[in-house]
Structures are given as C-alpha cells and as structure tokens.
Amino acid sequence: LLILFTALKLTGVYAYFRPPSPARRHPVPHHPHLPLISVLVPLYQEAEISQALLRRLQRLTYPKSKREVFLVLEEGDTITQNAVTRARLPEWIHVIEVPEWGDLRTKPRAMNFALNFCRGAIIGVWDAEDAPQSDQLEKVAAAFATADTKTACFQGVLDFYNPHANWISRCFTLEYASWFRIVLPGIARLRLVVPLGGTTMFIRRRVLEELKGWDAHNVTEDADLGVRLCRAGYRTDMLPSVTYEEANCTPIAWMRQRSRWLKGFMLTYLVHMRHPALLMQQLGPARFFGFQAFFLGTLSQFLLAPFLWSFWLVLFGLPHPSAPILSEIGVSLAAAALVFFELLGIFIAVVAAFAAGRPALALWAPCLSFYFAMGAVAIYKALHELMTDPFYWDKTTHGHYEPEPDLEQNPR
C-alpha cells in the first residue's frame, strides 16, 4: 500500500514537471456574455467569522449583476443568524435557512437544499473562513468559456493565511502546497480521478443536477463528487486562482478536522467499491488504480503507521519483529521503501514551498514526518466514528487569525 501511494505521488510529480503543452489563454468573456455564477457559503456556528467573510466577499471584482452568493445557515443556529442579521448585506448576497430534518446536519445536505435557489449556470463553493482572490470569478468564467463540454469542474488552489502561527500551521501549509500545487495538478493533467477540495470548486450546474447533487450523508462530499464526476465521464481541471483559508494549528483541532476527512475517505471508498467491476468499467484501468492508490494509500499510511515506523529499527541496526517471516532482503526493501517515501514527501514539500512563493517554509519540510504522526491518532478516531456515528460532522472552529495584509498583492 505504501508503494502504491508512493507511485501515485511520483506520477503526479512526473506530470507536474513534464513539459506542458502550449499555454492556452483564458480570455474573460465580454460583460454581456459573462455567465451568472452562484456561490454557496455554508455557515454553522460562525459568529467569529461572519463579519470577516463579508469584508472579503466585498472585494470581489466580478460584475455584481453576474454573481450571487448564498449564505447557507441551519435552522436553529442562532449564533450565526444573529451575526448575519447585524450585518448590512448587499443585494447580491442572500441568506438561506435550511430546515431541520431528523438528526442529519451536514454541509452537503445544506448545499443540496440551497441549490434549489441558485440561478447560475455555474455553481461554486466557499467555506466560512475563505479569502478568495478578488478576480477569482473572472478566472472561473474564462476557464469555463474555453473548456469543452466534458470539462465539468474546476478546482482552485487552497492555501493558508496563517502559516507562521506555529510549527503545525507551517507543516499544514507545506502539506496543502504539496497537494494543491504539485501532486493534484499532475494528477489532473493525467486525467486521473481528482478528489475535490471542499471549497473553491466550481461546477456546471447541469452536471451537478445530473449527478443528483452532493451525497448528503458523506462528511467529505467533495472527494465523493470528484469520483462521481469521473465515473460519469467528466473531467476536472485546476483553476489558476488561490483561496486562502485558516489553518487549524492546535493538535486537538487538527486531529478533529483530519479525523472527519479520513472518515469521509473511508465512506467514499466503501460506497464506490460496492461494485468493483462496475467501477473498473466506468473509470478504466488507469483511473481505477489511481482511485485505489489515493484512498487506500491515504488511509493505510495512517492506519498502519505504527507498523511502518517499526522499520526505522532496521536503519539503526536493530532486528525487526518480522525478520522470522520475511527474508532479510524483504525487510531491507521495506525499510528502503519507507525511507524513499519520507524523502519524496520532503522533496515535494520543498518544491511546493517555492511554488507557493514561501521559500522560507522549505526549512520546515523535515518536520512533516512528526506532523503526520498526529494523523495516526486521527484515523483511529475516524475508524471508531465510522462504526458508531458515521454521519457525525465534527465541527471545525475558525476566526482566530486574520489574513496577512499582502495576500491581495500575492499573485501566486
């Protein structure tokens, strides 16, 4: 499984560094022909973030008549309702209250309800703490204007605006940079399955409705939607625009968020592997094995982390417990695979730090091995919840940090 995940990363890195095809310009359509873009912003218990979010949305430069933003609130969430009520909303920002329905209260369920009120041909998603670049919607319109009909979705680049809070935020920023600036663009270029991020994704409305919206029971509805798009024969490309978020940088908050993601990956894998032969038929061999590499590789590197760490004993000249079962060369190859995986991660992080315009963060790349150790705790929390409370949405709190002042001037 480790080798499988390493192969996926190497494939993405190869595609990233492969000489690109001639650059295709994305001219912005003339104003009368700009598409109406509807963006959903799900909010839940976000008193700290609501006012900051409104300030960031006001910086958008896309024509107001061609954009609509929906603040999606849950019924009974008086904290967010009071915060939004105190704000003066422009006419292009609307508030939707999602009625309660049983015990299910997830972001995808709220977005499915809000989709009924959207008028745009393009549907986007931002999170509560997001700070999108001011010209992001222009880039969305330009990308869709030049894309073929099979390109149904664009995923933007996610970054953090508090990378210097502590060592966790620095490593989190390196992880995001590695994924969204190196590996994921490479995977997209090779037309493999692109697991979407939960924000700054824009999709054709007709395709979203064809797929029956988001899976309301999945706590990583983004990754699931990316798989379903590929199964239906559609493509996802990367959007050359950045949205800045707030990195969780305390161990407890990080592990709570990561456990939700990992539980969602488990759900997504189990759902799509109910009929493996059909999945293979719809995806094709390359995408099928890419799907396996991402989900099994991501989950196994955390689930089996204690076993993987045991191979460090070999590097210190100590005997490994599996020596009686495996041959000596087998133990040595396993240890070498572990070392190569760690070095590959550090290499990608260093390249990503420069790609993100934050070269100083490259010095923190060796710390990623210790940073990912928290994931070994998070995944067992996720596994427990998968068996006891699979649809529970572990809320991530935001609003502790403000964006750095030069983000709007940073073109990367």
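This is a predicted model: local features need pLDDT of at least 70, side-chain atom pairs count only at pLDDT 80 or more; totals for chains, interfaces and linings use all residues.
The cut-off for a disulfide is 2.5 Å between the sulfur atoms. Cys367 is therefore in no disulfide, with the sulfur of Cys171 as its nearest cysteine sulfur at 5.2 Å. The count for the structure is zero disulfides.

Cys367, at 24%, counts as partly exposed.

**Aromatic pairs**

Next, colour the aromatic rings. The whole structure holds 23 aromatic pairs. Start with Trp126 and Phe202. Their ring centres are 6.4 Å apart and their planes meet at 85°, so this pair is edge-to-face. Trace the chain between them: Trp126 sits in the loop between strand E4 (122-125) and strand E5 (131-132), while Phe202 belongs to strand E7 (residues 201-204). The two are 76 residues apart, and the pair links distant parts of the chain. Trp126 is buried, at 0% relative accessible area. Phe202 is buried too, with a relative accessibility of 0%.

Move to Phe160 and Tyr176. This aromatic pair is stacked, at 4.4 Å centre to centre with 25° between the planes. Which elements does it link? Phe160 lies in strand E6 (residues 151-160), and Tyr176 lies in helix H6 (residues 167-189), 16 residues apart. Phe160 is buried at 2% relative accessibility. Tyr176 is buried at 10%.

Keep that pair selected and widen the view. Ring pairs join Phe160 and Tyr176 into a cluster with Phe172, Phe180, Trp254, Trp261, Phe302, Tyr371 and Phe372.

**Charges over rings**

Select Arg67 and Trp92. Arg67 lies over the face of Trp92, 3.9 Å from the ring centre. Then go to Tyr234. Over its face lies Lys150, at 4.9 Å from the ring centre.

**Helix H11**

Finish on helix H11, residues 285-303. Where is its kink centred? Click Gly297: the kink is centred there, at about 25°. Now check the length from end to end. At 1.5 Å a residue, the 19 residues of H11 should span 27 Å.

Notes
Residues are numbered from 1 along each chain as its sequence is written. Side-chain values use heavy atoms; hydrogens and water are left out. Helices (H or I, at least four residues) and strands (E, at least two) are DSSP runs, numbered from the N terminus. The expected span of a helix is 1.5 Å times one less than its number of residues. The bend at a residue is the angle between axes fitted to the seven residues ending there and the seven starting there. Rings of Phe, Tyr and Trp (its six-membered ring) pair if their centres lie within 6.5 Å; planes under 30 degrees apart count as stacked, over 60 as edge-to-face and the rest as tilted. Buried means under 20% relative accessible area, exposed over 50%, partly exposed in between (1.4 Å probe, protein chains only). A charge sits over a ring if NZ of Lys or CZ of Arg is within 6 Å of the ring centre and within 35 degrees of the ring normal.
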